[in-house]
Amino acid sequence: MGQQRSGRRNFKHGQKMRKTAITLFLSAFAFISNAQLSKDIFPLNREFKKGGLYIAPQATVSIGNKEENTYQNQDSTYNYEVTGRGKWGYGLEIGWFHSFKKARLIHFLDAGIAYRVFKGAAEHSGELTSLSGQQLFESENEFSNQYLVASLRATNATQLGKWTFLSISLGLNYNYLLADDYERGSDYPKNDDTFLDDQSLQLHLQVGIGMRLSRQLVGIPYVETPLLTALPTDDLNPAFSFFSARYQPIIIGIKFLFLREDPMNCNAPVFDGPQPGM
């Protein structure tokens, strides 16, 4: 009996030891896991300078609409329809970003200059009614315009995971027409089509997912589009006008932010978790 009681005591003691060991292991694992979780990417760690260069290769496209209208003069009526169709273009943006030490709503600002090419087509069909009868017209029109764009944005960065964050930016884009190329497939009665002004100022929205690619490189794939036109003031519609159709521009890009070490603080003993690729 004494040996049985001793065996039960040893068994219970072993169970307590295993539970204690498991508890200590889980506690240590939780501590280490929490220690390895990096802090938010923005604001930047003090070992980096608050500003740096960014480069953003871009692809451009636009979503066209369908417009129907009537053009009249003294002795004839022209009913026409225009269907806009966007084509792929390209662009490149270079600029400078500046982050803030104690950010709440705005984590960083960026200002840049971009070269962008927008392309598209417009299918025109119409019917002319006059005293001499009716006549049908069709034309496949195309455009390819080059723009110089100056932009200023304010960005909020919300951490999603260890190395990712949601980037939401609002900004102003000033568009300046560098060159235009318009081609009509054939002539038709209405030749005074409406086109985008040579200069415009627009409010833009940019949404992306930021990623810490390496210790000194952050990448942000994003989609951008204008919300409204501030200048000229006669039309707030953000869509571009070509051949009397409307095209909502879409910019798809990847923004690369190059982080710069601060020589005054780069040797400071700061633990920021394991770096990507390590």
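At 1% relative accessibility, Phe243 counts as buried, where buried means under 20% relative accessible area, exposed over 50%, and partly exposed in between (1.4 Å probe, protein chains only). Phe243 has a positive phi of about 55° although this residue is not a glycine. This is a predicted model, in which local features need pLDDT of at least 70, side-chain atom pairs count only at pLDDT 80 or more, and totals for chains, interfaces and linings use all residues. Residues are numbered from 1 along each chain as its sequence is written, and side-chain values use heavy atoms, with hydrogens and water left out.

## Overall layout

Helices (H or I, at least four residues) and strands (E, at least two) are DSSP runs, numbered from the N terminus. Read from the N terminus on, the order of elements is α-β-β-β-β-β-β-β-β-β-β-β. Of the 278 residues of the protein chain, 36% count as buried.

## Backbone features

Phe243 lies in the loop between S10 and strand S11 (245-258). Ser244 is also placed in the loop between S10 and S11. Ser244 has a positive phi of about 70° and is not a glycine either. Ser244 counts as buried because its relative accessibility is 13%. Most residues other than glycine have a negative phi, and most peptide bonds are trans.

A cis peptide bond joins Leu231 and Pro232, with omega at about -5°. Pro232 lies in the loop between strand S9 (217-231) and strand S10 (240-242).

## Salt bridges

Side chains of opposite charge can pair when their charged atoms come close. A salt bridge is a side-chain nitrogen of Lys or Arg within 4 Å of a carboxyl oxygen of Asp or Glu. By this rule the count comes to 13 salt bridges. The table gives some of them.

| Salt bridge | Closest N and O atoms |
|---|---|
| Glu93 and Arg116 | 3.3 Å |
| Arg153 and Asp110 | 2.7 Å |
| Asp110 and Lys255 | 3.2 Å |

Which residues are linked in a network of salt bridges? The network is made up of Glu93, Asp110, Arg116, Arg153, Glu224 and Lys255.

Glu93 forms a salt bridge with Arg116, and their closest N and O atoms are 3.3 Å apart. This pair links distant parts of the chain, with Glu93 in strand S3 and Arg116 in strand S4 (residues 108-130), 23 residues apart. Both Glu93 and Arg116 are buried.

Arg153 forms a salt bridge with Asp110 at 2.7 Å between the closest N and O atoms. Here too the pair links distant parts of the chain: Arg153 is in strand S5 (residues 133-159) and Asp110 in strand S4, 43 residues apart. Arg153 and Asp110 are both buried.

Asp110 also forms a salt bridge with Lys255, the closest N and O atoms being 3.2 Å apart. That pair joins distant parts of the chain, since Asp110 is in strand S4 and Lys255 in strand S11, 145 residues apart. Asp110 has 1% relative accessibility and therefore counts as buried. Lys255 counts as buried at 2% relative accessibility.

Glu93 lies in strand S3 (residues 76-99). Why does Glu93 count as buried? Glu93 counts as buried because its relative accessibility is 0%. A polar contact is a pair of N or O atoms within 3.5 Å; within protein, one must be able to donate a hydrogen and the other to accept it, and residues adjacent in sequence count only if both atoms are side-chain atoms. The side chains of Glu93 and Tyr54 are joined by a polar contact of 2.6 Å. A polar contact of 3.1 Å joins the side chains of Glu93 and Gln58.

## Strand positions and spacing

Gly210 is found in strand S8 (residues 199-214) and is buried, with a relative accessible area of 0%. Gly210 and Ile220 are ten residues apart in sequence and 4.1 Å apart in space, C-alpha to C-alpha.

Thr164 lies in strand S6 and counts as partly exposed at 26% relative accessibility.

## Asp181

Asp181 is placed in the loop between strand S6 (164-179) and strand S7 (182-183). At 37% relative accessibility, Asp181 counts as partly exposed.
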